[in-house]
Amino acid sequence: MMTAVLPFIAARSSAAADPPEPVSVLVFSDDAVHGWAVAAAAGMGWNVTSANQTTFNTLLAQGGWSAIAVDAPSRIPRTGGVVDWSPLTNAILCDGACVVFSTPDLRAVGPAGSMLLYAFGVSAGSNLTDVRSIRAWDADHAVFHTPNAISLPISAVANLWPLAGTRIQPNAGATAVAGFTASPAFGEAAIVIGASGRTIINAQLLDDITDAATAVGLWQNQLSYVLNAPAATSDCGPRVPLTVWLNSQNQPVVPLPVVLGVTCGDYDADGWVDLFTCYAPTLWRNDSGAGLVFVPGMDQVLNPLRRRYGASFGDYDNDGFPDLATEPRRVGASTQPPDECLRLLRNDGGVFVDVTLGTTLSPPICFLNAETNCWGDVDGDGQLDLFVPVYPPTDGGSVGNVFLHNLGPDHPSGRRFVELSGPAGLDNPPDTRKPEGAQFCDYDFDGDIDLYSNNALYLNLSQPGVPLFAAMTTAASGIGFRNVVDEGAAFCDYDLDGDFDLIVAYEKSPGVVIWENRGDGMFVFEQSRIESPLSGLTLGLSCDDWDNDGDIDLITRDTPRRNLLIETGVPTLAVQPWELVSGRVQFPMFAWADFDRDGDRDAAVGNSTTSSFVYLNTTYDATTPAAVKRHVRIRPLRDSPDVPAGLETEYGAMARLALRNAADGHERLAFVASSHGYLNQSEYAVSLSLPPDPLPNDPARDVRFDVTVTFPQTESQGLCRVDRHVNPRLGELDLADLADREITVFRSGTVIVNGVSYAPDAGEPTILTTAAGGLQRPSAASPVADVVASPAGDHFVGMELHNAAGGLPIRIRELIIDGVLATAASPDGVAPPANVVAWDVSDRQSPALMAGQTMALPSRPRNRRTFVPCDWLVLPGRTVRIVARVTAYRGTTIVGPLLEGAVVIGGGVSGTMSAAWEAGAIAAAPVDATQLYLTVRYATVDHDCDANGVPDEVELAAEPSLDCNGNLRPDACEGPACDGIVAGDLNCDGLIDGDDVAPFVRRLLAGSYTCAADMDRNGVMDEEDVAVFAAKLVALV
């Protein structure tokens, strides 16, 4: 965090003394009836400058003010929010300004109102409609005595404005000195002094005080108090790096009207992200990053006089052009009646057609108060379904949730969609409130997309073509506050521990909450890592890495919070000030996209009550060197014979980056979504940021990493994963080699890197089997069992797996561990230390550590389940035990041994070692065929490049000399090109000696080609090679 002595205000003495002269006070007193603040400052002999709603921020920016006084009647922010309080907020947070603020309505203080309250150290409660006296809670405080004695209690006998005050509550560090009750009471404060002593906020309009002596005296006391406070230092950190996107005439590129829903998507399929907004329908085309161009005609498709909340892009007909579904609203406005029917707009090559009343959706679905639409293929049939969160009849007078199951193009009914919310288990649970934020996400990593909506988590139980969900109880999921309305919700891995947590902004206490994912399908309440959780409530939420440092940041309403995990090692969401140039945020919805493709996340902001803007992120620009930019974009696509470029329909697909040469203990993963918090849809492609270059002095090398993409489908279809095994081009990628930072990954395994298409390895399947069906997880009504602390000593748990002889090798590509990992230790004297080890126990008397099969994973005590990518090859006829050192563990009941094709899952092992990784103890531990403590995901490997009927992996294990160049392919498959292979060095030890005789004879007798035995490099192994080999051996004698 930045700390510096502040230039905004003249230096103050740390002692309480008269402020230095001259004192200059900026007074906002627009529409004040009595003008007590001006009179008070002038009466002290100070220089006074009056400002109104037009001039205030301009004068504030000039600087040099000793103090600032604001006497703000509530009607100013209520009539369009004409005062933007962002500059004043930044003056307090970053410049240490001395400010006294007075208003009767702190629940509607205009643009950046939540941030303003945060700056003053308060939270706003309910408003008062009747005039109440202000009672001193600390009658001896200087604000009541110096320099004027104030008669207590203070009576505001006139109520000049619609509201008479707002109950407030001081946050940490702030002090309430007066309230609306006779003695201190929670949430009843009226005058609060900030932690620095340089701010005072009055939750009642001092202009209402008709007694001149009291009103002027109180203003003078409060201004004198803040002016005599100790000098302040800034601790506001870097500001949110957004600036309004301007054209060459210094005007906003996109002068948006009053906007609520903001939707990003490539509507014309040209590779650039476009923008659609509501209330009134407005479409903007991205002009290759130069700006957004208005597209006429949407007012002919959707009635512009009808009010709707927003919309969401989703290519429901798989033609490569994303269609639109609106978010209808039964509640209108005086100037804009509601559009209460769901509208489906088919995108015909960039032209939208309303197909609501045709066979696409029959009959129309109306009477909806809908919120955040969610597209996703929930049942693995290749067709996008649509979930519409809708108020239930008991909470908003609507019809309840809507789920449109996509029947495909050729259904006998002639319809494209059928409404199935009831049969699919997606109705509103009776104990929950109306839905606001909603999102599909595979939070439990079982391969299908689950749902959060209306305070409930819905578990996906679908089978192919048959959508089915179960609404989980609080006991089953851990997610509470079902009776409190949320105003935004989104999944993200805020702590970079490898699972998706859920962040919810409730409209009232408890405020902003993290439901932290334990990894096992259960969530726990976390709020200590959120600064000022009651700031930024009532409307809007978005999560994105807007500072491009690698962790996920948060915005709720007008309050941005920067994640300090990368900077400090602790995932703390700290409030950060804005850096908005000629723009504002007021009840905003944020959608994030890299509109100009410079590598950082720009923002389209819908201000629901005033003009809206598109902001460019200033982290990077066109002049930023490529080595400085740390971003990678992953774009998962579905293959289509009709659209060779692929379909952007893989909502729920999860992308993961694994660092190879710069591991920092953090997981980097994100998922594709069609909704991103509340009435917002961000860009389809996901963006992940990498750590600094570990080799800054070598421009040809940078961070190396692997990419893995898991595609959604039902659990019964298996886990669909494309990784470096399926396509080797996804392994050991070097950031320095990526001229194009976007990596495209198709479900089939095809990959596009730097514009070049790479075919997958046909011998490595995309579908993984989860051994024993996985570990225990919650049901709709019951949680998983808790973990059990390990007994004293060096405890291990694991599983035994056998691959039957005569078949194919299997590759274990993911490990799933239940419990809490212990710290790493050296296994049987083998370095480096590890806490996960794979042993070959085919010979029980001589267990062998499998080559390269150790892992040193972070110990994360807050997690209960860990998912770990791995690469463990198990040959036919071998038995392995995979074990982990744990401080806590949990068993899953099975009926074993289980036969899965040629693979036998023997069961679990558990025991205590007298020393770290004692091989004998691990091999001797009895197998419990009724329990599993960890499991794996695997696939058979079918490589036989020389077509000799023997799997390549089996050949190479028996005869390493077949792969002298170490590329894991038999040299015979690479023909006569033997670069780097020494002729005659059959055992690949760099020497030609007697140890090479036996393998040379074996290769000659086998008749299969190998570079090392082709002594004359003619591509044939024959008697001439024997003569040359013998000559080389004789020469050594």
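Colleague: In this predicted model, how many bridges join strand β41 to strand β49?
Modeller: Strand β41 covers residues 631-637, and strand β49 covers residues 742-746. The two run parallel. The number of bridges that join β41 to β49 is five.

Colleague: Are helices α4 and α5 roughly parallel or roughly antiparallel?
Modeller: Helix α4 spans residues 86-95 and helix α5 spans residues 113-120, with their axes 9 Å apart. They pack at an angle of about 25°. Angles under 35 degrees count as roughly parallel, so α4 to α5 is roughly parallel.

Colleague: Is the crossing of α4 and α5 left-handed or right-handed?
Modeller: Two packed helices are described by the angle between their axes and the distance between the axes. For α4 and α5 the handedness of the crossing is a further item: left-handed.

Colleague: How many residues of the contact of α4 with α5 are nonpolar?
Modeller: From α4, the residues L88, T89, I92 and L93 take part. They meet M115, L116, Y118, A119 and F120 in α5. In this contact one residue is polar and none is charged, and the number of nonpolar residues is eight.

Notes:
Residues are numbered from 1 along each chain as its sequence is written. This is a predicted model: local features need pLDDT of at least 70, side-chain atom pairs count only at pLDDT 80 or more; totals for chains, interfaces and linings use all residues. Side-chain values use heavy atoms; hydrogens and water are left out. Axes are lines fitted to C-alpha atoms, for helices over the stretch in contact, and angles run from 0 to 180 degrees between N-to-C directions. Helices (H or I, at least four residues) and strands (E, at least two) are DSSP runs, numbered from the N terminus. Angles under 35 degrees count as roughly parallel, over 145 as roughly antiparallel, 65 to 115 as roughly perpendicular and the rest as oblique. A crossing is left-handed if the near helix is turned anticlockwise from the far one by less than a right angle, and right-handed if clockwise. Contact means heavy atoms within 4.5 Å. Ala, Val, Leu, Ile, Met, Phe, Trp, Tyr, Cys and Pro count as nonpolar, Asp, Glu, Lys and Arg as charged, and the others, Gly among them, as polar. Two strands pair if DSSP finds at least two bridges between them.
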